[in-house]
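This briefing sets out selected features of the structure shown below. It is grouped by topic and intended to be read alongside the sequence.

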Amino acid sequence: QYSPDSVAGADGQMDPSEVTFPGCSCRSSSCLPPQCPCLRRSHSYSGLCLRLPEQQHQQPFSRPVFECNSLCSCGEGCQNRLVQRGLQLRLQVFRTARKGWGVRALQPVPRGSFVCEYAGEVLPLAEAHRRIQAQAPEQPNYIIVVREHLHDGRVMETFVDPTRVGNVGRFLNHSCEPNLFMVPVRVDSMVPKLALFAAADISAGEELTYDYSGRFHNFPGASREQSQPVEEENSLRKPCYCGSRTCASFLPWDSSLFSTP
């Protein structure tokens, strides 16, 4: 079932459409920091693009992204409303030579542009583990876990499963040298939208990819992927066909997703 936005999982425990954030009282048509509370501690956009640092590791922690929401007084044209507007680019799902389905851009995509959301069912930890453990080894795994490392050492986890309900993001392939990176963007509540932005200028016809492990645009250690998995776990790993110069030969592997919580 195609859905442009994430939805609550079958158990309904986590509803991404629930509005729990207060709205700003800005009277201007487009909010500006530092007056707007949504932008005061948030990363800001520049036009239709996310502001990217010139160097990948300029600061130990990136600023969170909070967009203005449905309770805000600003207009729909506010510059702090980007990901919530959904897909604006022309994309195409196509059959690749070795990787199954893939997605490519049908138009040039400037660096920092929002491309699409990775949408699906938002699950609690227990249900995500139950679904993963119920999969046969030959079945594709679309469930993604995004871990946000807070400055005080806490880790927030978001599980999204587009196997049954999802959008074009489920067809994006992994690459060890990707041209997209994922950012959790919050609009109405603490349940984030998993937004994919262009890491570089992308040409029309170029395949769109991101790093499933989360290493790209993050510090080493932000991912729980095992670089040296034990022998018996190699049978569960899938080969990587990204073809990049730094290809790791296997798709990213996180054994914690396949163990009992």
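Strands β8 (residues 121–123) and β10 (residues 155–161) pair in the antiparallel sense over three bridges; two strands count as paired if DSSP finds at least two bridges between them. Helices (H or I, at least four residues) and strands (E, at least two) are DSSP runs, numbered from the N terminus. The model is predicted: local features need pLDDT of at least 70, side-chain atom pairs count only at pLDDT 80 or more, and totals for chains, interfaces and linings use all residues. Residues are numbered from 1 along each chain as its sequence is written, and side-chain values use heavy atoms, with hydrogens and water left out.

- E121 has D161 in β10 as its bridge partner.
- Helix α2 (residues 125–134) packs on the sheet and touches β8 and β10. The direction of α2 makes about 110 degrees with that of β8, where axes are lines fitted to C-alpha atoms, for helices over the stretch in contact, and angles run from 0 to 180 degrees between N-to-C directions.
- In α2, the residues E127, A128, H129, R131 and I132 are buried, that is, under 20% relative accessible area, with exposed meaning over 50% and partly exposed in between (1.4 Å probe, protein chains only).
- The buried residues of α2 pack against β8 and β10.
- β8 and β10 belong to an open sheet of four strands in the order β1-β8-β10-β9, with mixed pairing. Its edge strands, β1 (7–8) and β9 (144–149), each pair on one side only.

- Another open sheet has four strands in the order β4-β12-β13-β7, and its pairing is mixed. The edge strands are β4 (65–66) and β7, each of which pairs on one side only.
- β7 and β13 run antiparallel and are joined by three bridges. The bridge partner of C116 in β13 is L196.
- Strand β5 (residues 91–95) pairs with β6 in the antiparallel sense over five bridges. R95 stands opposite W101 in β6.
- The hairpin of β5 and β6 has five residues between the strands, and G100 in this hairpin takes a positive phi near 75 degrees.

**Nonpolar cores**

- The largest nonpolar core has 22 residues, and those with the most contacts inside it are L91, V115, L172, L180 and L208. A nonpolar core is a set of buried Ala, Val, Leu, Ile, Met, Phe, Trp, Tyr and Cys residues joined through side-chain atoms within 4.5 Å.
- At least two residues of this core come from each of β6 (101–105), β7 (114–117), β9 and β13 (193–198). The largest share, three residues, is that of β13.
- Leaving aside neighbours within four places in sequence, L91 is in contact (heavy atoms within 4.5 Å) with V103, R104, A105, L106, V115, C116, V168 and L208.

**Cysteines**

- A search of the whole structure finds zero disulfides, a disulfide being a pair of cysteine sulfur atoms within 2.5 Å.
- C242 is in no disulfide, and the nearest cysteine sulfur, that of C240, is 3.6 Å away. C242 is buried, with a relative accessible area of 18%.
- The cysteine sulfur closest to that of C68 is in C31, and the distance of 3.7 Å is too far for a bond. C68 is buried, with a relative accessible area of 0%.

**Position S175**

- S175 lies in the loop between β11 (173–174) and β12 (180–186), and S175 is buried at a relative accessible area of 6%.
- The side chain of S175 reaches the backbone nitrogen of E177 at 3.1 Å.
- Neighbours within four places in sequence aside, S175 is in contact with T209, Y210, D211 and C242.

**Backbone geometry**

- Most residues other than glycine have a negative phi, and most peptide bonds are trans.
- The peptide bond from P33 to P34 is cis, with omega near 0 degrees; P34 is in the loop between β1 and α1 (37–40).
- S249, a residue other than glycine, has a positive phi near 75 degrees. S249 is found in the segment after β14 (209–210) and is partly exposed, with a relative accessible area of 44%.

Key
A polar contact is a pair of N or O atoms within 3.5 Å; within protein, one must be able to donate a hydrogen and the other to accept it, and residues adjacent in sequence count only if both atoms are side-chain atoms.
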